[in-house]
Amino acid sequence: MGRTMEDASIGIIGMGDMGKMYAQRLSAAGWRINACDRPENYESLTQEFASQQRITIFPNGHLVSRLSDFILYSVEAGVIDRVVAQYGPSTKVGAIVGGQTSCKAPELAAFEKHLPSDVEIVSCHSLHGPKVNPRGQPLVLIQHRASDESLQFVDHILSSFGSKHVYITGEMHDRITADTQAVTHAAFLSMGTAWQANNQFPWEINRWVGGIENVKINITLRIYANKWHVYAGLAILNPAAKQQIRQYAESVTELYKLMLGGHREELKQRVKAAGAAVFKEGQEAQDLLLKDEVLDRFSLSNRSREKSPPNSHLSLLAIVDCWSKLGIVPYDHMICSTPLFRLWLGVTEYLFRNPELLEEALDTAIDDNTFRSDDLEFTFAARAWSDCVSFGDFESYRDRFERIASYFAPRFPEASQLGNEMMKTILEKTTNNP
Ligand SMILES: NC(=O)C1=CN([C@@H]2O[C@H](COP(=O)(O)OP(=O)(O)OC[C@H]3O[C@@H](n4cnc5c(N)ncnc54)[C@H](OP(=O)(O)O)[C@@H]3O)[C@@H](O)[C@H]2O)C=CC1
Ligand SMILES: O=C(O)C(=O)Cc1ccc(O)cc1
């Protein structure tokens with residue numbers, strides 16, 4: 001292999017949020033980092049990292065690739081092929097290459113296509129955002145074209161994160177993350193779309209205040225405050241995601257039609273059968289915590305509330321219907337769970353493991369027309385996001401995303417502070433920190 005742990009250096013191509021987080025944490029653990037972003041960002045990055053002795057900034061990926069023993073591409077998923085085509089042939093002989101993109105099929109295809117055959121491939125994916133402490137969070141490692149020794153080398157490099165290493169294939173990664181990431185995002189993106197379409201800031205309206213609603217609101221705003229390309233890439237480029245998001249939109253539509261038609265018994269039967277398939281007896285996940293007393297602390301609203309206002313919870317009924325139609329047991333996907341997914345599963349579980357609350361939601365869906373127009377917009381939104389992902393057009397995804405994001409933007413600073421506290425509190429209880 002020709003490299004020793006002592007003199008090895010790590011290359012990072014793409015110094016955005018994730019690239020910088022990796023550079024900071026790996027250099028703090030004692031590794032030498034060679035990093036670059038696009039050539040036009042060279043000057044500013046050099047200044048930013050001037051005081052960090054173990055991080056050297058280079059003008060481009062050729063210079064990073066020819067020097068480094070483990071090279072990580074941390075660029076937008078949509079450009080991975082182009083960037084690997086550009087710098088891949090400059091990779092140091094015998095080096096190991098990996099990527100941080102959220103969908104592995106295009107990344108691994110790019111590596112196979114453009115890397116010299118003497119280069120090994122071990123890819124990875126931290127299943128959390130750049131501001132989350134990696135300790136205890138899942139970190140996927142994919143030994144795609146590499147010896148066991150090289151996998152151990154990468155394993156060792158990344159061990160300082162304290163993450164929970166998960167060893168799977170790229171294909172399995174994409175199938176699981178279609179659910180834990182792409183469908184989860186589709187649900188929250190649709191909530192935001194519906195609120196915007198009805199011209200609502202949900203925390204200002206009585207029927208949205210408290211409990212589960214705080215999670216819905218805080219996560220939706222958290223997603224819209226983030227970069228569109230992260231969500232577009234992992235949904236559009238993952239074939240399993242298209243199918244799963246389409247099923248989610250179909251479940252939303254069919255349940256909404258049952259509500260609209262007043263088909264109480266059919267609705268109850270369908271939802272409860274789905275619930276029984278997903279939440280099997282004795283299959284409780286780790287303590288997911290979601291209790292109203294805690295969730296109530298994270299409200300953007302300044303109103304107080306005594307009891308949860310009844311809600312049809314269409315978004316939650318539909319995800320369970322979707323999982324059951326696809327034969328997915330979400331607890332099996334905890335190995336690739338992100339913090340958002342655990343919260344999403346947590347609120348869903350909270351509703352489905354509370355028979356009175358579920359009954360109340362189903363009766364509200366039939367009897368109470370307060371939510372009809374919200375649910376109508378939510379149904380349109382779920383279908384529109386599904387179409388957008390299926391068409392695979394990054395620019396129209398960006399346009400939809402940014403239009404809705406700008407509606408909520410004035411509340412981002414407050415929402416992100418509150419959302420961070422909520423995540424922290426809930427993560428402390430839902431992560432098995434070693
Ligand atoms: N954000 C998150 O929560 C997570 C993201 N990921 C994945 O990690 C990857 C990076 O995400 P993130 O850091 O958030 O995104 P960013 O947009 O912050 O970072 C990507 C960086 O790559 C740069 N880049 C683009 N082309 C080149 C090139 N030819 N050479 C060098 N640099 C280039 C971009 O520059 P410019 O902006 O100027 O184009 C940008 O600085 C994505 O694939 C994402 O899906 C994975 C886990 C979590
Ligand atoms: O938790 C989520 O789903 C996020 O939104 C953060 C995120 C985004 C992309 C990833 O590949 C991993 C995590």
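Me: In this model, which ligand has an oxygen atom 2.5 Å from a polar side-chain atom of Arg38?

Reply: The model is predicted. A polar contact is a pair of N or O atoms within 3.5 Å. Here, a polar side-chain atom of Arg38 lies 2.5 Å from an oxygen atom of ligand 1.

Me: How many residues are around ligand 1, and which come nearest?

Reply: There are 26 residues around ligand 1, and Asp37, Arg38, Val75, Ser102 and Lys227 come nearest. By class, this shell divides into 8 nonpolar, 13 polar and 5 charged residues. Helix 4 gives the largest share, 3 residues.

Me: How do I read a pocket, and where does ligand 1 sit?

Reply: Rolling a probe the size of a water molecule over the atoms shows where empty space is left. In this model, ligand 1 sits in the largest pocket. That pocket has a volume of about 1400 Å³. Its lining has 47 residues, of which Asp17, Met18, Asn226, Lys227 and Val230 lie nearest the centre of the pocket. Several elements give two or more residues to this lining, among them helix 1 (17–28), helix 4 (80–87) and helix 18 (412–430). The lining has 20 nonpolar, 19 polar and 8 charged residues.

Me: Where does ligand 2 sit?

Reply: Ligand 2 sits in the largest pocket. The elements that give two or more residues to the shell around ligand 2 are strand 6 (120–126), helix 7 (170–197) and helix 9 (228–236). Helix 9 gives the most, with 3 residues.

Me: Which side chains have a polar atom 3.2 Å from an oxygen atom of ligand 2?

Reply: For Tyr231, an N or O atom of the side chain is 3.2 Å from an oxygen atom of ligand 2. For Thr338, a polar side-chain atom lies 3.2 Å from an oxygen atom of ligand 2. His125 also has a polar side-chain atom 2.5 Å from an oxygen atom of ligand 2. Taken alone, ligand 2 exposes 330 Å², of which the protein buries 89%.

Me: How do the residues of the shell around ligand 2 divide by class?

Reply: The shell around ligand 2 has 4 nonpolar residues, 8 polar and no charged. Among the residues around ligand 2 are Ser102, His128, Gln181 and Leu340.

Definitions and conventions. Residues are numbered from 1 along each chain as its sequence is written. Chains are lettered from A and ligands numbered from 1 in the order in which they are written. This is a predicted model: local features need pLDDT of at least 70, side-chain atom pairs count only at pLDDT 80 or more; totals for chains, interfaces and linings use all residues. Side-chain values use heavy atoms; hydrogens and water are left out. A residue is near a molecule or strand if one of its heavy atoms lies within 4 Å of it. A polar contact is a pair of N or O atoms within 3.5 Å; within protein, one must be able to donate a hydrogen and the other to accept it, and residues adjacent in sequence count only if both atoms are side-chain atoms. Accessible areas come from the Shrake-Rupley method with a 1.4 Å probe; for residues, only the protein chains shown count as cover. On a 1 Å grid over the protein atoms alone, a cavity is a set of points where a 1.4 Å probe fits but cannot get out, and a pocket is an open set with protein on both sides within 12 Å along at least five of seven lines; lining residues have an atom within 4 Å of a point. A molecule sits in a cavity or pocket if more than half of its atoms lie within 2 Å of its grid points. Helices (H or I, at least four residues) and strands (E, at least two) are DSSP runs, numbered from the N terminus. Ala, Val, Leu, Ile, Met, Phe, Trp, Tyr, Cys and Pro count as nonpolar, Asp, Glu, Lys and Arg as charged, and the others, Gly among them, as polar. Grid points are joined across faces, edges and corners, and a volume is the space filled by probe spheres set on the points.
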